[in-house]
Amino acid sequence: MTVEEPERRGGSAPDRAELAGALGVAHDDPLLEEALTHRSYANENGLRADQRLVFVGEAALRMCITDIVFHRRPGDAEGLLSQLRAAAVTAAALAGVARSLGVGAHIRLGRGEQADGGREKDSILADTLTALIGVVHLRHGIGAVSALVHRSFGDLIERLALLGAGLDWKSALQSLAVFKGLGAPRYRVEQSGPDHRAHFTAWVLVGGVEYGPGQGGKAKEAEKLAAEAAWHAITG
């Protein structure tokens, strides 16, 4: 076994039977193998990566999430339904579902990505889960995807619905600022650290008052946290 193959601590490859069973596909399905193949591993070994299956899975997942939020939230307006759907398919949300299914242990990674902790990266977990959903759609159709998404995402959507404004702090702050006549929020972001481990700090100016800071590994993440701080300060 090469070092880039998924391994347990004991050195043996993890059994895919449980994951395959949760998805309702055969453990030796070649599409399952493809869905679990990250581009770093594919490039090193001359294989096809998961990207085509991600393409299929994104469309199927979006349709099923739309169906769930529409039927579970009959009193919500279109804007909130859109926010719920968007929040349910962020990399962080998808990665959480992937972890609950134990997806990370099965991903085939290249040597560099393996050494860099790729098995726990939200972006990789999210793409792999989406590719797996693509496999379910291709093998069994949208009905099977819907059943899987209801099982795996139902509780997540209910938790997201409780967040209200927290689904999209920047949009919520924008609406609040307009409502109170404070003008459009203006963000200021500073970056520190090397590019490969950059850290961002953000502030937001609303009505002549600066709020924050918000901090994170991405500029958008820092801006969202600054927007959250501003929203609470203005409404509090």
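These are my notebook entries on what I looked up in this predicted model.

**Ground rules**

I number residues from 1 along each chain as its sequence is written, and I leave out hydrogens and water, since side-chain values use heavy atoms. As this is a predicted model, local features need pLDDT of at least 70 and side-chain atom pairs count only at pLDDT 80 or more, while totals for chains, interfaces and linings use all residues.

**Overall layout**

I began with the elements. The protein has 11 helices and 3 strands. Helices (H or I, at least four residues) and strands (E, at least two) are DSSP runs, numbered from the N terminus. From that end the order reads α-α-α-α-α-α-α-α-α-α-β-β-β-α.

Next I looked up the extent. The C-alpha trace spans about 60 × 45 × 30 Å along its principal axes. I then took the division into domains, whose bounds come from an automatic or database domain assignment. Domain 1 covers 16-165 and domain 2 covers 169-235. Their centres, taken over C-alpha atoms, are separated by 29 Å.

I also noted burial. Of the 236 residues, 42% are buried. Buried means under 20% relative accessible area, exposed over 50%, and partly exposed in between (1.4 Å probe, protein chains only).

For contacts I used heavy atoms within 4.5 Å. Among contacts between residues at least 6 apart in sequence, 56% join residues at least 24 apart.

**Helices α8 and α9**

I looked up how helix α8 (residues 122-140) meets helix α9 (residues 142-161). They pack at an angle of about 145 degrees, with their axes 7 Å apart. The axes are lines fitted to C-alpha atoms, for helices over the stretch in contact, and angles run from 0 to 180 degrees between N-to-C directions.

From α8, the contact uses Leu129, Ile133, Val136, His137 and His140. From α9, it uses Ile142, Ala144, Val145, Leu148 and Phe153. By class I noted 8 nonpolar, 2 polar and no charged residues. In this scheme Ala, Val, Leu, Ile, Met, Phe, Trp, Tyr, Cys and Pro are nonpolar, Asp, Glu, Lys and Arg are charged, and the others, Gly among them, are polar.

**Nonpolar cores**

A nonpolar core here is a set of buried Ala, Val, Leu, Ile, Met, Phe, Trp, Tyr and Cys residues joined through side-chain atoms within 4.5 Å. The largest one has 46 residues, and Leu23, Ile65, Val149 and Phe153 touch the most other members. Helices that each supply at least two residues include α1 (17-23), α2 (30-35) and α4 (51-72). The largest share, 9 residues, comes from α8.

Leaving out residues up to four places away in sequence, Ile65 touches Arg85, Ala88, Val89, Val149, Phe153 and Ile157. A second, separate core has 15 residues, including Leu173, Leu176, Ala222 and Ile234.

**Salt bridges**

I found 14 salt bridges in the structure. The cut-off is a side-chain nitrogen of Lys or Arg within 4 Å of a carboxyl oxygen of Asp or Glu.

Arg108 and Glu33 meet at 2.9 Å, N to O. Arg108 sits in the loop between α6 and α7 (111-115) and Glu33 in helix α2, 75 residues apart. Arg108 counts as buried at 8% relative accessibility. Glu33 is partly exposed at 29%.

Arg99 has two entries. Its bridge to Glu120 has the closest N and O atoms 3.2 Å apart. Arg99 lies in helix α6 and Glu120 in the loop between α7 and α8, so the pair ties together parts that are 21 residues apart in sequence. The bridge from Arg99 to Asp122 has its closest N and O atoms 2.8 Å apart. Asp122 is in helix α8, 23 residues from Arg99.

Arg99 is partly exposed at 38%. Glu120 is exposed at 53%. Asp122 is partly exposed at 30%.

I also logged a network of salt bridges linking Arg72, Arg73, Asp76 and Glu158.

**Alanine 93**

Ala93 lies in helix α6 and counts as buried at 12% relative accessibility. Not counting residues up to four places away in sequence, Ala93 touches Ala87, Ala88 and Leu156.

**A cis bond**

Last, I looked up the peptide bond joining Gly212 and Pro213. It is cis, with omega about 0 degrees. Pro213 is found in strand β3 (residues 209-216).
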